[in-house]
Amino acid sequence: MNSITRSSRTVRIAFGVGAIALASSMIGTVRHQSAKWTSAELALLGSLSIRTLEPLGDDPSNRYANDSRAALLGRDLFFDTRLSGNGKVSCATCHVVAQDFQDGKPLADGVGRTARRTMPIAGTAHSPWLFWDGRADSQWAQALGPLESGVEHGGSRTQYAHVVAEQYRPEYEAVFGALPNLIGLPREAGPVSDTTWRAAWQRIPAGRRDEISRVYANIGKAIAAYERRIEPGVSRVDRYVDAELVGERHTSENTLTSDEEAGLRLFIGRARCVTCHNGPLFTDDHFHNTGVPLPRVSLPPDSGRAVGGRKAVAGEFNCASRYSDVKPEDCQELRFAVTEGPELVRAYKTPSLRNVAARAPYMHAGQLASLADVVAHYSAAPAAPFGHSELTPVRLSPNEQRHLVAFLQALTAPLAAPAAYLEHPAPHR
Amino acid sequence: MHLHQASLAPQSSAVRTALATAGLLMALSACSHFAGSAPSPDITTLKVSAHRLYRASVRPAVVPIPVRRLQSWTLHIDAADGRPVDDATITMNGGMPQHGHGLPTSPRVTRSLGSGDHLVEGVKFNMGGWWVVRFAIASAAGTDTVTFNLSL
């Protein structure tokens with residue numbers, strides 16, 4: 001090893017010794033503050049606190065992400081049923097604001113029935129991958145998927161451009177600049193499953209198709225500007241952790257019952273939930289096959305991330321696409337995404353557990369009806385219907401399972417968002 | 001359930017200090033990233049390759065190694081005779097032996113930085129625990145593999 005490397009190692013070692021000395025004194029301090037938790041446990045608890053959630057910065061792929069005008073436009077688009085094939089479906093149809101932006105159904109109902117459970121929205125701006133299979137790499141790319149799905153919004157790309165031009169022209173142009181000329185464009189056309197609309201799309205000259213697709217991308221960017229302002233709020237668990245960290249006496253606002261506390265101990269300990277449900281959003285932002293049962297109804301085969309990863313990399317509106325506001329080489333998550341391998345088969349995104357008690361039923365197709373069923377599933381860890389489950393049984397007693405459920409219920413909290421973003425906007429024109 | 005508007009309550013300085021302390025403790029236990037109680041017997045940052053063709057060391061850009069965040073590392077390689085190795089084909093893989101899964105990303109050595117240093121991009125760890133990362137190194141000196149253990 002050369003001398004430069006040797007000297008830098010010496011510095012690192014010296015720094016390490018200093019840090020250990022400093023931390024040793026602090027370990028003593030923290031230990032003194034909690035009679036219930038060891039310093040290592042307190043450190044883990046602290047890592048789960050919502051206070052450690054980093055504030056959202058810019059989204060380089062969406063230069064309008066922090067534009068409040070874009071957010072208001074996005075809010076109006078989110079609730080507008082004209083953005084659908086039958087005029088009855090908006091984003092808010094399945095992402096019901098008063099229900100933590102989900103619908104409580106095993107499978108979502110748009111213009112038809114989908115094959116997946118509606119996911120919540122709060123906090124998803126922090127996630128590198130959206131959808132259960134992570135097939136979108138941003139909130140704006142995610143928002144564009146359902147709009148063109150034949151069973152969700154069921155509309156088409158030119159239809160949405162026409163709606164924006166007719167209903168939102170001033171608001172759109174204030175943010176994104178002039179709309180393209182839509183004269184002569186068919187009302188319905190787009191790269192969708194409907195063969196008539198698809199053929200109509202192909203007949204549009206490529207340059208005009210690109211203009212329409214840019215309007216479409218901007219619809220997604222406006223919706224993302226809205227959605228990213230919906231964040232999870234402070235739960236009783238967070239307040240409990242805060243109090244434990246500083247050795248404060250517990251009040252009714254920041255206490256946990258003995259069952260909830262026992263559940264928290266299991267969560268970070270023997271039940272190993274924190275392995276994947278880690279960090280302030282209780283998710284590792286990754287994908288796992290946990291052997292969840294097959295859906296109760298017959299659905300097409302669903303390979304989860306094995307397909308979702310490839311879709312994300314090929315996505316028409318991903319970070320590396322022509323509609324992104326960043327250079328492809330700066331799309332780090334896409335550049336280094338895993339798209340092959342047996343562990344992707346039937347792997348699904350680890351959902352956040354914040355407000356999880358408000359979101360039955362559970363899993364990607366609503367296979368498990370209650371939190372008790374979920375905890376029982378992880379306790380037993382059955383073999384996967386296909387692919388390989390990462391779980392090993394933790395064999396929790398009925399009481400322990402009850403404690404875990406009690407703890408998960410204590411993660412319920414009001415969302416943190418401007419009031420105007422949590423209400424149905426006044427009818428737009 | 002009904003959800004109302006709420007904002008993150010301002011943190012008291014005591015809570016901020018406690019969180020910072022907890023963070024440092026996490027950092028320390030993660031600092032054990034290379035020097036703690038990992039299950040593997042050899043958790044140093046300087047390793048000799050399996051067939052003793054190379055000595056390699058890794059230097060994460062951010063210490064302690066963060067969880068859930070993409071990061072870059074610098075991999076330094078010397079040949080057995082002590083000369084730095086710049087011209088090499090290097091691949092990286094790894095995973096969690098106790099969980100049976102690989103890395104959550106496909107990190108790559110993207111370029112040589114000179115003086116035996118190589119830039120590794122796209123490194124990510126999505127959970128705490130024992131991780132193993134391996135570099136397969138092919139150069140004029142031969143092909144060999146070097147393995148590092150981390151405890152996050």
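Me: Before the details, what kind of model is it, and which residues count?
Reply: The model is predicted: local features need pLDDT of at least 70, side-chain atom pairs count only at pLDDT 80 or more, and totals for chains, interfaces and linings use all residues. Residues are numbered from 1 along each chain as its sequence is written, while chains are lettered from A and ligands numbered from 1 in the order in which they are written.

Me: At what angle do α2(A) and α10(A) cross?
Reply: Helix α2 (residues 39–48) and helix α10 (residues 236–246), both of chain A, cross at roughly 140°, and their axes come within 9 Å. Axes are lines fitted to C-alpha atoms, for helices over the stretch in contact, and angles run from 0 to 180 degrees between N-to-C directions. Helices (H or I, at least four residues) and strands (E, at least two) are DSSP runs, numbered from the N terminus.

Me: What does that make α2(A) relative to α10(A)?
Reply: That angle makes α2(A) oblique to α10(A). Angles under 35 degrees count as roughly parallel, over 145 as roughly antiparallel, 65 to 115 as roughly perpendicular and the rest as oblique. The crossing of the two helices is left-handed, a term used if the near helix is turned anticlockwise from the far one by less than a right angle (right-handed if clockwise).

Me: Which residues make the contact?
Reply: From α2(A) they are Leu42(A), Leu45(A), Gly46(A) and Leu48(A), and from α10(A) they are Val241(A), Glu244(A) and Leu245(A). Contact requires C-beta atoms, placed from the backbone, within 7 Å. By class, there are five nonpolar, one polar and one charged residues. Here Ala, Val, Leu, Ile, Met, Phe, Trp, Tyr, Cys and Pro count as nonpolar, Asp, Glu, Lys and Arg as charged, and the others, Gly among them, as polar.

Me: How many residues of α2(A) are buried?
Reply: Eight of the ten residues in α2(A) are buried, including Ala43(A) and Leu44(A). A residue is buried if 20 or more other C-beta atoms lie within 10 Å of its own, exposed if 12 or fewer, and partly exposed in between.

Me: And α6(A) against α9(A), at what angle do they pack?
Reply: Helix α6 (residues 157–167) of chain A packs on helix α9 (residues 206–227) of chain A at about 70°, with the axes 9 Å apart. That makes α6(A) roughly perpendicular to α9(A). The crossing of α6(A) and α9(A) is left-handed. Among the residues in contact are Tyr160(A) and Val164(A) of α6(A), with Ile212(A) and Tyr216(A) of α9(A). By class, this contact has seven nonpolar, two polar and one charged residues.

Me: Let us move to α15(A). What covers its buried residues?
Reply: The cover includes α11 (258–268) and α14 (371–380) of chain A. The buried residues of α15(A) include His403(A), Val405(A) and Phe407(A). In turn, what covers the buried residues of α11(A) includes α2 and α15 of chain A.

Me: Is Leu408(A) buried or exposed?
Reply: Leu408(A), which lies in helix α15 of chain A, counts as buried because it has 25 C-beta neighbours inside 10 Å. Leaving out residues up to four places away in sequence, Leu408(A) touches Leu353(A), Val356(A), Ala357(A) and Leu371(A).

Me: Where is Arg395(A), and what is its phi?
Reply: Arg395(A) sits in the loop between α14 and α15 of chain A. Its phi is near 45°, a positive value in a residue other than glycine. Arg395(A) is exposed, with 11 other C-beta atoms within 10 Å.

Me: On to chain B. How many helices and strands are there?
Reply: Chain B has one helix and nine strands. Buried residues account for 38% of its 152 residues.

Me: Which bond joins Val63(B) and Pro64(B)?
Reply: A cis peptide bond joins them, with omega about 0°. Pro64(B) is in the loop between β2 (54–60) and β3 (71–79) of chain B. Arg68(B) is also placed in the loop between β2 and β3 of chain B, and has a positive phi of about 70° although it is not a glycine.

Terms used. Two residues are in contact if their C-beta atoms, placed from the backbone, lie within 7 Å.
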